[in-house]
Amino acid sequence: MITAERKPMAEIKAMLAPYRKILVVGCGTCVAECASGGEKEVGLLASALRMDAQIEGRTIEVREMTIDRQCVYEFIDKLTGVADRYEVILSLGCGAGVQAVAEAFPKMLVIPALNTTFIGETKEPGLWVENCRACGDCKLGYFAAVCPVTRCAKGLYNGPCGGSKNGVCEVDPDTPCAWQLIVERLENTGRNDLLEAIYPPADWSRQQGKGPRKIAREDQRSES
Amino acid sequence: MKADSNLKKVLTQNVFAVTAECGPPKGADPGVIKKKGNLLKGYVDSVNVTDNQTGVVRLCSMAACAILRQEGLDPILQMVTRDRNRIALQSDVLGASSLGIRNILCLSGDHQSFGNQQQAKGVFDIDSIQLIQTVRRMRDSGQIIGGEALSDPPELFIGAVANPFADPFDYRVIRLGKKAAAGAEFIQTQCIYNVKRFKEWMKQVLDRGLDKKVYILGGVTPLKSARMAEYMSKQVAGMDVPGDVIDRLKGVDPKDQRREGIRIAVETIGALKEMEGVRGVHIMAIEWEDAVPQIVEEAGLYPRPRISEE
């Protein structure tokens, strides 16, 4: 999933300061899973904004709405007929959601309430960890399903640096050394043959070669 | 008239090599480099210049190497992959050779989060092994990454580092093998305080015959005090300072601890000289370059051989 964290209240308040009619929009998919932008978080944030305005003696109108996905037009369309009654949309979607909503409503101001952080997994309740950088050229098959690009602080393809000690990374003692995991898993899965392989420089053009990436599939387009 | 690497000559003539490290200043004064270089001159075969070590901005390694060369020393350009992508790295390899620099040491570099530019973007476009491979191909095949030909290949003696004290221990020698296979010709190791563990690593090196593929120079850093030893033991990742070394320094009056630190360094070099497969020593006297002549002399490695030009 794509993870995100709510921005500090002061930053959200500063961006909303000129506006009185606010539509707070949540997203029911990734950011709901990581408890930053789902229906519950929309409710909490809207209440906080109302309470804040009341304490400061301001009159504001806040409406809450959560759609299934902010990054898919058929769900965004649910805002049609509602959005234009507000001065601003405060989006609790990820960066993709904020931009997709903005594109659907060219004359609406759309402000992000979250900082989108990474693609990761829910490790345990309340703990999310990054494990994919969407490099566009997955090599997990060679690295025993542990991504060195993401999980090694230096993104090293050819083994641990000199700072791997007792299984942890020198940069952060709470982070396991990705290469310690790779070496152990290669050995445990009978792939010792890959321990000595030398990997050539990565093809980063798949990640950032020509600016924003797109996937175009005719088989998915023809039906509409 | 192109001079060859002095380090390469010393090593190929089977002489126990001595290299030292010179840290550039946090400023633009070339005098600091000249002064450090002249302290080392005559006592070492080659001088490493660090590349923004620990992620701290300093005068660049390339300029410092050029200055040392003017002073008559044989510099080793340290090049990390943290700060530059493959375009800049390959360009700098050519630039270094054009300035008469004849040695390069390829590293990934300390992570930027340790330095004074913690918000910097870590580049790591390629890693140290890929850099070794790249320089080797540029030199031997006259090709850059992707295969395009160079008009003139760079002339560089290619080095890399090894840390026998990091984990996973058994992978360390595999990684050394990868560096040798990638094209490294000499290896400088992390500072050795745990001689026993270094010997275990060297046994693995000999078992794999890697001592025949690369020249191994053992790293030695003189300790200035018991406090420094404790700091390195606890705070510096990948450093192994055993308790008995710390206790030995603690057992000495603080004003004599520097002297004791030098004694330990000299003893370590004595052990390295006797160890099969070890072909030299790399002395990293951090901001203490004036300790190097004394260490070299006491270790019986002075004077350095004068290798005649062919």
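1. Against which elements of chain A do the buried residues of α3(A) pack? In this predicted model, they pack against the strands β1 (2–6), β2 (21–27), β3 (61–67) and β4 (88–91), and against the helix α1 (9–16), of chain A. The buried residues of α3(A) are E41(A), V42(A), G43(A), L45(A), A46(A), L49(A), D52(A) and A53(A).

2. The length of helix α3 (residues 39–55) of chain A agrees with expectation, because 17 residues at 1.5 Å a residue should span 24 Å and the end C-alpha atoms are 24 Å apart. Just after α3(A), G57(A) adopts a positive phi of about 70 degrees.

3. Chain A as a whole is divided into domain 1 (2–118) and domain 2 (133–208). The C-alpha centres of these two domains of chain A lie 37 Å apart.

4. Turning to the interface, 31 residues of chain B are in contact with 28 residues of chain A. The two chains bury about 2400 Å² between them, with 53% of it on carbon and sulfur atoms. On the side of chain B, D167(B), Y171(B) and K178(B) lose the most area to chain A, together 22% of what that side buries.

5. Between chain B and chain A there are 22 residue pairs in polar contact and 1 salt bridge. The salt bridge joins the side chains of R208(B) and E196(A), at 3.4 Å from N to O. The elements giving two or more residues to the side of chain B that touches chain A are α5 (128–140) and α6 (169–182) of chain B; α6(B) gives the most, with 7 residues.

Key. Residues numbered from 1 in each chain as written. Chains lettered and ligands numbered in written order. Predicted model: local features only at pLDDT ≥ 70, side-chain atom pairs only at ≥ 80, totals over all residues. Heavy atoms only, no water. Domains from an automatic or database assignment. Helix = DSSP H or I, 4+ residues; strand = E, 2+ residues; numbered from the N terminus. Expected span 1.5 Å × (residues − 1). Buried < 20%, exposed > 50% of the residue type's maximum accessible area, 1.4 Å probe, protein only. Contact = heavy atoms within 4.5 Å. Buried area = accessible area lost by both parts, 1.4 Å probe. Salt bridge = Lys/Arg side-chain N within 4 Å of Asp/Glu carboxyl O. Polar contact = N/O pair within 3.5 Å; in protein donor to acceptor, adjacent residues only side chain to side chain.
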